[in-house]
Amino acid sequence: MIETKALCPALGVEVTGVTDLLDETVVARCLEALRWRGVLLIRGLDLDDEAQLAFSRQIGTVLAPGGKEIFKISLDPTVNPSAQYLRATFHWHIDDTTNDVPAKATVLTARRVAMTGGGTEFASTYSAFEALPEQEQKRYEQLRVVHSFEASQRRCKPDATDKEIAGWRTLPTHETSLVWRHRDGRRSLVIGTTADHIVGMDRDDSDALLEELLEWSTQERFRYTHEWQVGDMVIWDNKGILHRALPYDPDSERTLHRVTVAGDEPWA
């Protein structure tokens, strides 16, 4: 029998009693829980890549960046050639902020875990926005923010060379509303490490506001910390859930397999 339990008051739900992950009833329950709770956890499934992909396709279209539907998250460059850039994921972020249409959801499974550290934190910007005073909500709905790859990399490498900065700047930036009003009427904040600046605002004031909103959105009442166990599957709503990896030893064998589900709702 399928049962659900809240992971914390503001977000997240654990689903237990799952025997057939592809059963229509199970998929429907999972999608409903994901929609309203933002983060979905199912422990002990030990899915292989094909099973993970099969379930992900029940959520939507699976993306294959670089021709690969499975992306291996590891700080070991022999496992992941892009390992050097993953250090930016130690900071709060939303995926795909520089794309026209962000991913709908991410499906992550744990293959190996770190002995120390390596958890993943999630924070709901749906809940954070709803908790703001109405006057502040109205103010922020008038603002727009530019996101860039450079902004995320500067946080983890502030002493970057001119050549490195020039390379970051070859990637596109993207402007979005600071507050995303979704098709279903909910609103969320579009912030995180890729948020470079508020359009038309003095740089110092912009930096201060973005930092203030990030601190507000990631306070304990809006946050869930997941400590990985081998075999865990975690799915989250990329449209309104910030996430970050907690630091762990670069020599750790921690390896997570990620599947990204395409979105169908452009940024506002």
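Tutor: A residue is called buried under 20% relative accessible area, exposed over 50% and partly exposed in between, using a 1.4 Å probe and protein chains only. The model is a predicted one, in which local features need pLDDT of at least 70 and side-chain atom pairs count only at pLDDT 80 or more, while totals for chains, interfaces and linings use all residues. Residues are numbered from 1 along each chain as its sequence is written, and side-chain values use heavy atoms, with hydrogens and water left out.

Rings of Phe, Tyr and Trp (its six-membered ring) pair if their centres lie within 6.5 Å; planes under 30 degrees apart count as stacked, over 60 as edge-to-face and the rest as tilted. By this rule there are five aromatic pairs. One of them joins Phe-122 and Trp-236, a tilted pair with 5.2 Å from centre to centre and 55° between the planes. Strands are DSSP runs of E with at least two residues, numbered from the N terminus. Phe-122 belongs to strand β6 (residues 120-124) and Trp-236 to strand β13 (residues 233-237), so this pair links distant parts of the chain, 114 residues apart. Both Phe-122 and Trp-236 are buried.

The rings of Trp-180 and Trp-267 have centres 4.6 Å apart and planes at 50°, so this pair is tilted. Because Trp-180 lies in strand β9 (residues 179-181) and Trp-267 in the segment after β15 (255-261), the pair ties together parts 87 residues apart in sequence. Finally, Phe-122, Tyr-224 and Trp-236 form one aromatic cluster.

Conventions
Helices (H or I, at least four residues) and strands (E, at least two) are DSSP runs, numbered from the N terminus.
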